[in-house]
Amino acid sequence: MEQTLDFSLLALFLRASFLVKIVMITLIAASFWSWSIIAQKIIDLRRARAEAEAFDAAFWSGEPLEEVYDRIGPDPAGASERIFAAGMTEWRRSHRKDGGLIAGAQARIDRAMNVAIAREAERLGKGLNFLATTGSIAPFVGLFGTVWGIKRAFEEIALQQSTNLAVVAPGIAEALLATALGLLAAIPAVIFYNKLNQDTERVVGGYEGFADEFSMILSRQLDKAA
């Protein structure tokens, strides 16, 4: 009675050579890690947009800036609040005891907010490099597994001394599974990297726009105090 070969994904994995198994496991792990980053970045960006909207509403409500600063405290939770706090902290430090202003206050305030924006941009962009790397190299890692598996299939032809397709079909199927896993890891990584990178740039652009507006407000106050 002719034995029926099992071509399920698990069976293909179990029949693969040790090196191809390592390739498959690596690609599966990269795929899972990519999806965890994608989910976390979606949550982070959604939270960042909500925090920015809430703070903008409070900032433009007409409440005095000093009161807003005192209310959010020295350790604010939101990114927009941290950028605002960085500017206000430098604003207060720029006042002398007699009420006058230390020279170069505007430049220091802008620099303090720019540093805060850079920190927030780095935090929001954390993990995106992994998506870019996975999208770039996963297909080639899968292709390496495929080439190695096909090499093994041809070796099987030599050992069996038969060119029957039934001899090489299992090996080729196992090899092609590596390519499929490479694409499975790469395609979502590339798509979501582009999407999340654009969303991150929009959020950071909003921070920069707020910092520019806040800087103009402080600049007017500095001109009045001069």
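The legends below walk through several close-up views of a predicted model.

Residues are numbered from 1 along each chain as its sequence is written. Because this is a prediction, local features need pLDDT of at least 70, side-chain atom pairs count only at pLDDT 80 or more, and totals for chains, interfaces and linings use all residues, while side-chain values use heavy atoms, with hydrogens and water left out.

**View 1. Confidence along the protein.**
Let's begin with pLDDT, the predictor's confidence in each residue, from 0 to 100. The protein has a mean pLDDT of 84, and 85% of its residues reach 70 or more. Helices here are DSSP runs (H or I, at least four residues), numbered from the N terminus.

**View 2. Helix 2 beside helix 6.**
Two packed helices are described by the angle between their axes and the distance between the axes. Axes are lines fitted to C-alpha atoms, for helices over the stretch in contact, with angles from 0 to 180 degrees between N-to-C directions. The axes of helix 2 and helix 6 (residues 128–160) come within 10 Å and cross at roughly 160°. That makes the two helices roughly antiparallel (an angle over 145 degrees). Look for Trp-33 of helix 2 and Trp-148 of helix 6, which are among the residues making the contact (heavy atoms within 4.5 Å). By class, this contact holds 15 nonpolar, five polar and one charged residue. Here Ala, Val, Leu, Ile, Met, Phe, Trp, Tyr, Cys and Pro count as nonpolar, Asp, Glu, Lys and Arg as charged, and the others, Gly among them, as polar.

**View 3. Helix 4 against helix 5.**
Helix 4 (residues 79–93) and helix 5 (residues 105–125) pack at about 155°, their axes 8 Å apart. They are therefore roughly antiparallel to each other. Contact residues include Ile-83 and Trp-91 of helix 4, with Ile-109 and Met-113 of helix 5. Nine nonpolar, one polar and five charged residues make up the contact.

**View 4. Helix 3 crossing helix 4.**
Helix 3 and helix 4 have axes that come within 10 Å and cross at roughly 120°. Tyr-69 of helix 3 and Phe-84 of helix 4 are among the residues in contact. Eight of the contact residues are nonpolar, one is polar and four are charged.

**View 5. A salt bridge between Arg-92 and Glu-66.**
Side chains of opposite charge can pair when their charged atoms come close. In a salt bridge, a side-chain nitrogen of Lys or Arg lies within 4 Å of a carboxyl oxygen of Asp or Glu. By this rule, the count is ten salt bridges. Arg-92 and Glu-66 form one, at 2.5 Å from N to O. This pair links distant parts of the chain, 26 residues apart, with Arg-92 in helix 4 and Glu-66 in helix 3 (residues 65–72).

Key: Angles under 35 degrees count as roughly parallel, over 145 as roughly antiparallel, 65 to 115 as roughly perpendicular and the rest as oblique.
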